[in-house]
Amino acid sequence: MTADVIAVSEVTPERFQPVQERGQRAVFCGLTSIIWLHRKIQDAFFLVVGSRTCAHLIQSAAGVMIFAEPRFGTAVLGDRDLAGMADCHDELDRVVAQVLSRRPELKSIFLVGSCPSEVIKLDLDNAAGRLSREYEGQVRFVSFSGSGIETTFTQGEDNCLASLASDLPADTTSEERLLVVGTVPDIVEDQFRRLFSQLGIGHVDFFPGSQSTDLPAVGKNTKLLLAQPFLGETLRALESRGATLLPAPFPLGAEGSEAWFRTAANAYGVAEEKQAAVLQPPLQRAKAALGKYRSELSGKSFSMLPDSQLEIPLARFLARECGMTPKEVGTPYFDARVMAEEVPLLPSGVDWVEGQDLDPALDRVRATRPDLTVCGLGIANPLEAEGLRTKWSIELLFTPIQGFEQAGDLAELFARPLRRERALEVGSWS
Amino acid sequence: MELTLWTYEGPPHVGAIRVAASMRGVHLVLHAPQGDTYADLLFTMIERDGKRPPVTYTTFQARDLGASTAEKFLNTLQAAYDHHKPSLLLVADSCTAELLQDQPGTLAETAGLPVPVVPLEMAAYSRKENWGASETFYHLVRAVLSAQRNAEEKPADQGSSNRRRTVNLLGPTKLGFRCRDDIQEIQRLLQSVGIGVNVVAPLGADINDISRIPEADANVCLYPEVALTTCTWLERNFGQPVIRTVPLGFGATQDFLSELAGVLQVDISAEAVADCRLPWYSRSVDSTYLTGKRVFVFGDGMHAMTCARVAQQEMGFEVVGLGTYSREMAREVRGMAKELGLEALITDDHMVVEQAVSELRPELVLGTQMERHIAKRLGIGCAVISTPAHVQDYPARFSPQMGVEGANVLFDTWVHPLIMGLEEHLLHMFRDDFEFNDHAAPSHLSHGEGTLMAVEESNVVALAGVRWEDGAEKELKKIPFFVRGKAKRNTERYAEERGLTAIDIETLYEAKAHYSR
């Protein structure tokens, strides 16, 4: 469950030798994943069992109170729960009933563990089982941990999908199935489906889908393609159901998208001519879109503070397709299996960091002064105020960036702060 | 356990961070897991702070649980001191760390750091953000002043009546509502009447400033949610009277100056508020249309109460609902609501507030960011008067709420969402014109932003068992659409109270006569 380090020496070539740091971190916890998960899974409610801090975190990270009545909420623990004056399971049942009375149309409720619920060892797996039996045929309950002591940021999605993986129906047919794993925006899903269909890859499921009741079957004929680079636990859970991974780089940028689709096409024995016929048009569009940005970004340096696990594929994209020069790239943790096809593509001469120690890391950014620093929301403005240009990384999770048609949009996210610096005449940043 | 969808206040340790971030040379070491670092973005994104708040989080993880979290805290404390070299350290637990019972306060005392260390108990499972800010400010002031009280006594220089009187302005913080501008305005006001400002704290103060607090003649409790506990302690221990009137609104600013004059034994000329434009703007004929506009007021205790007074007495609105999420201020808010003939709404559940707003159908909502969204959904105009607020409520321009200029700002801000007086008449006269139809919003507002959309029939749920006859329904449509919702609601209530099952034209006009003011 924890993000413990996998021995990097087994798989990593010389160009990927991260320095490990243990110190103050500046990352969200896994609860933040709820912000995009609840938009994707439209018949589910995410009920965090935690503290006022959890509730405040989610609404602050979401941009503060934007939806009418959100499909997420927090069962806030109080003194009475902690002192044992109230039975936490009775209380949870009451809160669940409250949620369902407001939203009787819900099909699933995710009980999401938090730091406080884990420290007091509140057994949410057990609660999910009990509630599933109680609401049998109406609502399914699934539990996962989004706590900050167990998870960072995007690991919330990993734990969510891993816990759903055991609920997927078993596939008993002999039909080949492709399962695309990881939340992608609907528009990206639709583009991907069209391309798979043109390649002649018949049965394709996306996990998670928009309906929690519509779960894809999984079995020994299921092939997995990861759409997001933070799904190590989900991968292991699906493999235990018999599925096999198609190792591929992630579909970020023209190169990543092509390699990703070709991996699937090769596994399905799609002829080279057909692959070229289907993939060349979007590939050329993506390259044309990127060409405009390459002139803006080429030769610019960047650093990335650890945040979402997207750092490694993004550094590959920015270096190889945009011509940028990485200085220091941090990632919260390194999962060698998930990153296996990315590492050989990484540029050399990069200072890789695994984990974080915030103050020294900020001092290094101040010393190396990259043209662009990719970092979390809390740090961006302070660096701007010191004359450094930044890109907030949370946007990379909320914006469609995957696939051929989004390659240009992805480059735009990094080009815009630099263009803005050139455009403004209100005093210089540096 | 309490189901919370959106919250008005963060946890108490966010209040502690607000106090630390407001001051210079103060650093907070917070024993907390990694996710709690989200608090940084409140300051850097909502208030656009150019610096990270001065807080170091221990960011312990599951693998640290057990014996080593205490060690992690001590290492973090030392590293934070070495890196930031503060003149005072605050030490606190967040909610999760409170459960570990590592006692960071006690641990910090053993660390032997060369600066004062102030331990805080944040009671994360029963208290909230403003309480946390209040506790932090109180313990910080107490720690600094108690240490020096033994060393020196306050000079008894009260003799000369010509001596320039000074006050402290207490309570403004980062992420407070318009604190930056309020302080500037109140300092200007005090300067204009010859009263000096000794210390402003926490915002902008350092430890040296805190140690000079006792030198002032009185403490102005500008933001009671944060400063009242401290002011009360200072009154008891240093004999400093507390100025309790918050100068928000024209009348309150006058009362504030009167209270100052009485407490400080000085003459203050009424000229000080003479250049305020609110009184004339409000008496001006074009403001007649503001008369009796139904207003719902909700916010922290201080802002809700001061704004309710302005709404009622200075704008000529009718306050139809008053409430607060500040339980600490519940008694005062209840008292004021009673004076207005209302029952106060004391809740931190925004769904309860939404219910109240949709039942009362006010024409304007004065509230927080939360009520802004409620009002938007219900198609009612809204002005934000209190935290929680979003980035647009930390404006670039000078925009105080307090003092003379503050009153001017309130007039402009609250009138803006309402349909302009003359425009209201024109809309009535030309209501059949294709451009001035029932769905045209005020020209200065984008679609859906203003009060005008409030009364679309579809939004008004008909009471069960009451049927509108055709003639009455046609007559209803002749009523100007901006009051039609109220007419429909009143008629239905009238019919229901009399056990009628159908509404005809007679019922409509009987109800109109019954409810006419």
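Axes are lines fitted to C-alpha atoms, for helices over the stretch in contact, and angles run from 0 to 180 degrees between N-to-C directions. With that in hand, helix α7 (residues 179–192) of chain B packs against helix α16 (residues 403–415) of chain B at an angle of about 130 degrees, their axes 7 Å apart. This is a predicted model, in which local features need pLDDT of at least 70, side-chain atom pairs count only at pLDDT 80 or more, and totals for chains, interfaces and linings use all residues. Residues are numbered from 1 along each chain as its sequence is written, while chains are lettered from A and ligands numbered from 1 in the order in which they are written.

**Confidence**

- The average pLDDT (the predictor's confidence in each residue, from 0 to 100) of chain A is 92, and 94% of the residues score at least 70.
- Over residues 1–12 of chain A, pLDDT stays under 50, and the model has 26 contacts beyond four places in sequence for them. Where pLDDT is low, the predicted coordinates should not be read in detail.

**Domains**

- Chain A is split into domain 1 (8–25 + 280–423), domain 2 (30–151) and domain 3 (177–275); domain bounds come from an automatic or database domain assignment.
- The centres of domain 1 and domain 2 of chain A, taken over C-alpha atoms, are 33 Å apart.
- Chain B has domain 1 (12–149), domain 2 (166–273), domain 3 (278–421) and domain 4 (461–515).
- The centres of domain 1 and domain 3 of chain B, taken over C-alpha atoms, are separated by 35 Å. Six residues from domain 1 of chain B and six residues from domain 3 of chain B take part in the contact, where two residues are in contact if their C-beta atoms, placed from the backbone, lie within 7 Å.
- On the side of domain 1 of chain B that touches domain 3 of chain B, α2 (39–46) and α6 (129–149) of chain B each supply at least two residues. Helices (H or I, at least four residues) and strands (E, at least two) are DSSP runs, numbered from the N terminus.

**The helix pair in chain B**

- The angle makes α7(B) oblique to α16(B); angles under 35 degrees count as roughly parallel, over 145 as roughly antiparallel, 65 to 115 as roughly perpendicular and the rest as oblique.
- B:Asp182, B:Glu185, B:Ile186 and B:Leu189 in α7(B) meet B:Gly403, B:Val404, B:Glu405 and B:Gly406 in α16(B).
- By class, the residues of this contact are three nonpolar, two polar and three charged. Ala, Val, Leu, Ile, Met, Phe, Trp, Tyr, Cys and Pro count as nonpolar, Asp, Glu, Lys and Arg as charged, and the others, Gly among them, as polar.

**Where the chains meet**

- The contact between the chains takes 52 residues from chain A and 50 residues from chain B.
- On the side of chain A that touches chain B, the largest share, eight residues, comes from α2(A).
- That side of chain A divides into 29 nonpolar, 15 polar and eight charged residues.

- Five strands form an open sheet with mixed pairing, in the order β5(A)-β4(A)-β2(A)-β3(A)-β1(B); two strands pair if DSSP finds at least two bridges between them.
- β5 (140–145) of chain A and β1 of chain B stand at the edges with a single partner strand each, so one side of each is left without a neighbour in the sheet.
- β3(A) and strand β1 (residues 2–4) of chain B run antiparallel and are joined by three bridges, and A:Thr74 has B:Thr4 as its bridge partner in β1(B).
- Strand β2 (residues 44–50) of chain A runs parallel to β3(A), with five bridges; A:Gly50 has A:Val76 as its bridge partner in β3(A).
- α2(A) lies across β2 and β3 of chain A together with β1 of chain B, and runs at about 160 degrees to β3(A).

**A sheet within chain B**

- Four strands of chain B form an open sheet with parallel pairing, in the order β7-β6-β8-β9.
- Strand β6 (residues 166–170) of chain B is joined to β7(B) by four bridges, and B:Leu170 stands opposite B:Ala201 in β7(B).

**Backbone exceptions**

- Most residues other than glycine have a negative phi, and most peptide bonds are trans.
- A:Phe207 and A:Pro208 are joined by a cis peptide bond with omega about 5 degrees; A:Pro208 lies in the loop between β7 (204–207) and β8 (222–226) of chain A.
- B:Thr59, which is not a glycine, has a positive phi of about 45 degrees.
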